Amino acid sequence: MQTDSWIPLFPESASSFSWQVDALYFYLIAISVAFMIPIVAAIFWFIVRYREREKFATPEEIHGSIVLETVWSIIPFIISMTIFLGGAVVYYTQYRPPDDAMQVYVVGKQWMWKIQHETGQREINQLHVPVNTKVKLTMTTEDVLHDFSIPAFRTKADVVPGRYTYLWFEATKPGTYHLFCAEYCGLNHSGMIGSVVVLEQDDFERWLQGNASNQTPVEQGRDLFENKLGCASCHAAGSGQRGAALENIYGKEVKFVGGGSAIVDDEYLRNSILNPSSQVVEGYQPIMPTFKGQVTEEQLIALVAYIKSLSGVDASAAAPSAPAAPAPAPANNMGSNSNQGGR
Amino acid sequence: MQNADAFNPSLMREPKDSYLTNGYSIKSWLLTKDHKRIALMYLISISVFFFMGGLYAAAIRLELLTPGSDLLQSATYNKAFTQHGILMIFFFLIPSIPATLGNFLLPLMIGAKDLALPRINLLSLYLYWIGGILTLYALMQGGVDTGWTFYTPYSTTFSNSYVMAVGLGIFINGFSSILTGLNFIVTIHTMRAPGMTWFRLPLFVWAHYATSLVMILGTPVVAITILLLAIERVVRVGIFDPAIGGDPILFQHLFWFYSHPAVYIMILPGMGVISEVISNFSRKKIFGYEFIAFSSIAIAVFGFLVWGHHMFVSGQSIYAGLVFSFLTMVVAVPSAIKVFNWTATMYKGSISYDTPMLYAIGFLGLFLVGGLTGLFLGSVGLTVHLTDTYFVVAHFHYVMVGGQVIAYLAGIHYWWPKMTGKMYSEFWGKVSAMLVFVGFNLTFFPQFILGYQGMPRRYASYPAEFQVLNVFSTAGASVLGVGLVMPVVYLTHSIFAGKPAGDNPWMLPGLEWRCQSPPTTFNFEEQPVVTWEAYEFGEENGLDIEEARRSAGRPVTV
């Protein structure tokens, strides 16, 4: 997302007030440089020009100067007031949601964002919004403090248990932007990330209808898995993985916490999405929320197709046949054993 | 000057037993009432804590070398940054200069035999040890993962780590801080030598006076806060957790009401050291003495009114945000005044490049960056974007490490000959000062850029686009680490193999240079009488400069 920014190492600027924050930033950089240069130059000039030429010399005494003291008290004060006023104006824009904004509801939970649109559409760790539309988020949390932070929009707000906090923005550029939890919230704080997807008005309408596009079930499933439902935030291989690894599990046997086992098949996968706590695999915590009511049957089919494809099983194959050749287990720092075949 | 002879110990005098040689038994140390021995025990203790906090810092920087959480898992990483913060803030930064240099030098500088309350001083050391050991015990048992801020309701309801033990450790340690502050205030009021008027006090003493005010007025609040946290965590009385009727924002108000002024507990003594070093190593009276002295007091007072700037995005009202932003801008002015006066002091001076001065010049540059980026964070509209990002991490490390730790190192080098009677290697001192400066900037400057890009704090893993700057940061941290370990080596070496420093190696006028090095147990053989203003370097002030030039040539040798 840094690729098309006009200054390297400078974040994308994509909301109606982000330019104001950037302007304030550059104003402060200019002031800092204007202060640094004369002071640092003076320091260097003095330490060279007035370096010790004779051991234990006694240079002439200079007492203070009330004029200088007054000048260098008042000038910084005036400058600091301009900084205060600039900040106040921007803050007023950032933290006063307009009345005519589109409503979105956000609930934070260790460690995911649950989002619901007014039209009833639900999302996890992802927020779809139309471009050039004011959006107001009404936020709370089920457990601890979180913070809904969108750097590209130059805004954030803490999400506080027991009360609502509000955030608003008007995205100005279609694209996908980082969504971070910026208030430390425990174990998987750094995994509580997602994205804000800004769509053109038409695309947003289509998205609301659930009309993805002409995708195959596997592509559609991958889209759901990685983007729309946020499955990947727990199930993707690699760092931060808390959910069961899904690579090469299809057709294998899994053991459950509290006894019992099952062969991974379509029905098992579907049930795991809808009733995850009913069959927790050994080595994992019962932390997955139910997706019942959030996914349609069509989407379930696509998801199952995608998960099967991770085991090298063609989506059209009806039943598990010969298991795929055992691939090396993916990096799994949770110490789990569930992705072993067990046969 | 009629008193010159009394303060100018000649080389002919037989050295008396110093505070170091006055008894060698363990009991003579553990039951000592000598402020210098207590200071030395503090010095060793805080060095241990600094080293441990540094190990956590190393683990954090290594983990952040790559975007994934591969070296440390989230659970371990969360404990690492929490414990880094707790050890560094409560057990290193807060006691660092006051409890070591302040303890050692305050009586010497004002011409007193000891602090006003020597037993209380020893008690404060024991409280520090008890608090520290309790905290270390908790860390060994499994540690704590709440962040050093202990934000509720995570700390009261959700965290399964050793919150109570660490909280108790900090609670007890707080009393050590209160007692030190109390002792300093009483000492400065009642123990000044004849002629040592308030405006003849070295600025180091003024800075400690301001610091002590904050310690006494602020620390009880954090003690109360920890107590309330304990009540909620143990007996489930709803104070901070909304699930049982509390308010999590209340905790933040109480916590920052202490912890923001605590920032000034950490930086004010450092400013005092810098005032001393810059004036003495420019051999020039400090520019604007009264302005520097009263700016310390102003910082201490206004420091109590700005805690809300830690909570701009926490859900407090926007009007509260505006008021706190305004007050934050006001508190920036006294710091600016200090920087201008330090710079002006060097004008037409006779500036030596000895190690303490190199550190002090480094301080000026780093504190400038730290202070100016504080304006970024005080400007409320900008800080909505910057809060909880690496910009904040960079800013407070510039103030706490670039400011306080550098000032501490400047002070340790400056007064080392007085504390030990030995000279350290000037060559290695300069090398370490350079390494610390370069390593520090390489570590923390990239974090400003990361912060504006939006990289959040306290993340064990991060999006890959942030990696390059994190690699710079980790590389810088290794340079910084080497620079910080070096003084431990050459300073320790100097104790055994260093050249004798003499009583006044730099021919300076302060009272601490007019007694033996290392000082005797009661500091001065006769009650000194002060007849000069602070920072007067002339021969008429009792300094036998000709003799020093003749006999020593250059006492500071490699």
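Two strands count as paired if DSSP finds at least two bridges between them. Helices (H or I, at least four residues) and strands (E, at least two) are DSSP runs, numbered from the N terminus.

## Reading the model

This is a predicted model, in which local features need pLDDT of at least 70 and side-chain atom pairs count only at pLDDT 80 or more, while totals for chains, interfaces and linings use all residues. Residues are numbered from 1 along each chain as its sequence is written, and chains are lettered from A and ligands numbered from 1 in the order in which they are written.

## Strands of chain A

Let's start with strand β4 (residues 126-130) of chain A, which pairs with strand β10 (residues 194-199) of chain A in the parallel sense over 5 bridges. Across this pairing, A:V129 stands opposite A:V198. Because 4 of the 5 residues of β4(A) are buried, this strand is largely enclosed by the rest of the structure. Here, buried means that 20 or more other C-beta atoms, placed from the backbone, lie within 10 Å of the residue's own.

Chain A also has an open sheet of 5 strands with mixed pairing, in the order β3-β2-β1-β5-β8. β3 (122-124) and β8 (165-170) of chain A are at its edges with a single partner strand each, so one side of each has no neighbour in the sheet. One pairing to look for is β5 (residues 134-141) with β8(A), antiparallel over 6 bridges; there, A:M139 stands opposite A:T165.

## Two helices to look at

Helix α1 (residues 18-49) of chain A has 32 residues and reaches 46 Å from its first C-alpha to its last. That is close to the 46 Å expected at 1.5 Å a residue, a span taken as 1.5 Å times one less than the number of residues. Its buried residues are A:S18, A:V21, A:L24, A:L28 and A:F46. They pack against α2 (66-94) of chain A and also against α11 (318-346), α12 (355-378) and α13 (380-386) of chain B.

In chain B, helix α14 (residues 390-420) is mostly covered, with 31 of its 31 residues buried. After α14(B) comes B:G421, with a positive phi near 80°.

The predictor's confidence in each residue is its pLDDT, from 0 to 100. Chain A averages 82, and 85% of the residues score at least 70. Among the elements of chain A, strand β6 (residues 146-150) has the highest mean pLDDT (96) and helix α7 (residues 297-310) the lowest (80). Over residues 1-7 of chain A the pLDDT is below 50, and over residues 315-343 of chain A it stays under 50. Where pLDDT is low, the predicted coordinates should not be read in detail.

How values were computed:
Buried ≥ 20, exposed ≤ 12 C-beta atoms within 10 Å, placed from the backbone. Contact = placed C-beta atoms within 7 Å.
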